[in-house]
Amino acid sequence: MNPYEINNMIIDDDFAVEEYVTADFTYKSKNYSITFKKADLEIMNKWVFENGTSLPADLPDNIIESLREDVKKRI
């Protein structure tokens with residue numbers, strides 16, 4: 001069982017240059033968002049939402065790899 005829960009996922013297929021996948025998830029009672037390039041699942045950005053604002057997120061490598069695998073399975 002994963003230590004996080006993906007709440008929403010958006011696949012942006014209509015961009016002229018590159019396509020992206022954004023996953024919103026909950027981890028350790030905080031809300032996060034991570035965006036990957038669809039082609040190779042390279043991280044474009046990652047955010048944590050706290051106190052009504054978004055801040056750059058610091059996530060463990062194992063969580064990022066697990067998210068990448070989950071996203072890969074869903075697209």
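Author: What follows is a set of questions and answers on a predicted model.

Reader: What secondary structure elements does the chain have, and in which order do they run from the N terminus?

Author: The chain holds one helix and five strands, and from the N terminus on their order is β-β-β-β-β-α.

Reader: How do you know that the radius of gyration of the chain agrees with that of a compact globule?

Author: For 75 residues a compact globule would have a radius of gyration near 11 Å, and because the chain has 12 Å, the value agrees with that expectation. Along the principal axes, the C-alpha atoms fill a box of roughly 35 × 30 × 20 Å, and 31% of the 75 residues count as buried.

Reader: How many aromatic pairs does a search of the whole structure find, and why is the pair of tyrosine 4 and phenylalanine 25 called edge-to-face?

Author: The search finds three aromatic pairs.

Reader: Why do tyrosine 4 and phenylalanine 25 count as buried?

Author: Buried means under 20% relative accessible area; tyrosine 4 has 7% and therefore counts as buried, and phenylalanine 25, at 0%, is buried by the same cut-off.

Reader: Why is the pair of phenylalanine 25 and tyrosine 32 called stacked?

Author: The ring centres of phenylalanine 25 and tyrosine 32 lie 5.3 Å apart with the planes at 10°, and because planes under 30 degrees apart count as stacked, the pair is given that name. Both phenylalanine 25 and tyrosine 32 are buried.

Reader: Which residues form the aromatic cluster?

Author: Tyr4, Phe25, Tyr27 and Tyr32 form one aromatic cluster.

Reader: What can be said of the surface and the charges of the chain?

Author: The chain exposes about 5000 Å², of which carbon and sulfur atoms supply 46%. Its side chains include 9 positive and 15 negative ones, and the centres of these two sets lie 5 Å apart.

Definitions and conventions
Residues are numbered from 1 along each chain as its sequence is written. This is a predicted model: local features need pLDDT of at least 70, side-chain atom pairs count only at pLDDT 80 or more; totals for chains, interfaces and linings use all residues. Side-chain values use heavy atoms; hydrogens and water are left out. Rings of Phe, Tyr and Trp (its six-membered ring) pair if their centres lie within 6.5 Å; planes under 30 degrees apart count as stacked, over 60 as edge-to-face and the rest as tilted. Buried means under 20% relative accessible area, exposed over 50%, partly exposed in between (1.4 Å probe, protein chains only). Helices (H or I, at least four residues) and strands (E, at least two) are DSSP runs, numbered from the N terminus. The radius of gyration is taken over C-alpha atoms; the globule rule is 2.2 Å times the number of residues to the power 0.38. Accessible areas come from the Shrake-Rupley method with a 1.4 Å probe; for residues, only the protein chains shown count as cover. Lys and Arg count as positive and Asp and Glu as negative; His and the chain ends are not counted. The place of a charge is taken as NZ of Lys, CZ of Arg, CG of Asp or CD of Glu.
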